[in-house]
Amino acid sequence: MACHYYFDMGTTTSDTIFSKIIRGEIPCHRVYEDDHVLAFLDINPIAYGHTLVIPKQAAATLDRMSDEAGAAVGRVLPRLARAVMEASGCSAYNVLQNNGGLAHQAVMHVHFHIIPKPATTGVGHGVGLGIGWPSGKLDAAEAKELIEKIKIALRR
Ligand code: AMP
């Protein structure tokens, strides 16, 4: 059976293409699996070695993950990054994690991209992630106010 790709806004989080992959209803190019985490090759890689790491918990975005699912992903990310770097021969890489359609999330099941950043482009292989970084300057008064707001939110 061939792999499928489509923009998957999902009707429920357990209905996305990644939940179907977790349940074995759709195939994937699996590179790692444990009780809480699955990693597989991205079907439309932007670099050789482009890998996706997902929790088995059907959370749409990072902020909806349980602490346990987050810890499970965090525990294996460094090991997976090392393995992808070794396999791709790249020493630089990006970890990308999009949340929400506005932030370019296409599949509404939380996922972490490990994207090697090649020094040169091989034939048929992508160049990795290009990043626009429209930075500003942090205002001290604004920073103080912002810290308070985040602290209040963290207490909830
Ligand atoms: P994002 O824009 O962060 O939601 O990225 C979703 C990623 O999922 C894209 O890079 C897709 O190429 C990838 N993708 C979608 N469907 C599949 C699939 N069936 N197997 C592997 N990767 C997929």
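## Terms and basis

Buried means under 20% relative accessible area, exposed means over 50%, and partly exposed lies in between (1.4 Å probe, protein chains only). By that scale Glu 33 is partly exposed, at 37% relative accessibility.

This is a predicted model: local features need pLDDT of at least 70, side-chain atom pairs count only at pLDDT 80 or more, and totals for chains, interfaces and linings use all residues. Residues are numbered from 1 along each chain as its sequence is written, and side-chain values use heavy atoms, with hydrogens and water left out.

## The sheet

Five strands form an open sheet in the order E1-E2-E3-E5-E4, with antiparallel pairing. Strands (E, at least two residues) and helices (H or I, at least four) are DSSP runs, numbered from the N terminus. Two strands pair if DSSP finds at least two bridges between them. The edges are strand E1 (30–33) and strand E4 (93–96), each pairing on one side only. On average, neighbouring strands are turned by 15° against each other, direction ignored. Axes are lines fitted to C-alpha atoms, for helices over the stretch in contact, and angles run from 0 to 180 degrees between N-to-C directions.

E4 and strand E5 (residues 112–116) run antiparallel and are joined by 4 bridges. Leu 96 has His 113 in E5 as its bridge partner.

## The packed helix

Helix H2 (residues 67–88) packs on the sheet. H2 touches E1, strand E2 (37–41), strand E3 (51–55), E4 and E5. Contact means heavy atoms within 4.5 Å. The direction of H2 makes about 20° with that of E5.

## Salt bridges

A salt bridge is a side-chain nitrogen of Lys or Arg within 4 Å of a carboxyl oxygen of Asp or Glu. By this rule the count is 5.

Glu 33 bridges to Lys 56, with the closest N and O atoms 2.7 Å apart. Glu 33 lies in strand E1 and Lys 56 in the loop between E3 and H2, so the pair ties together parts 23 residues apart in sequence. Lys 56 is partly exposed, at 25%. Arg 30, Glu 33 and Lys 56 are linked in a network of salt bridges.

## Other pairs

Glu 25 and Arg 23 meet in a salt bridge at 2.7 Å, N to O. Glu 25 is partly exposed at 42%, and Arg 23 is partly exposed at 44%.

Glu 145 forms a salt bridge with Lys 149, the closest N and O atoms being 3.9 Å apart. The two are 4 residues apart in helix H3 (residues 140–155), so about one helical turn separates them. Glu 145 is partly exposed at 48%, whereas Lys 149 is exposed at 51%.
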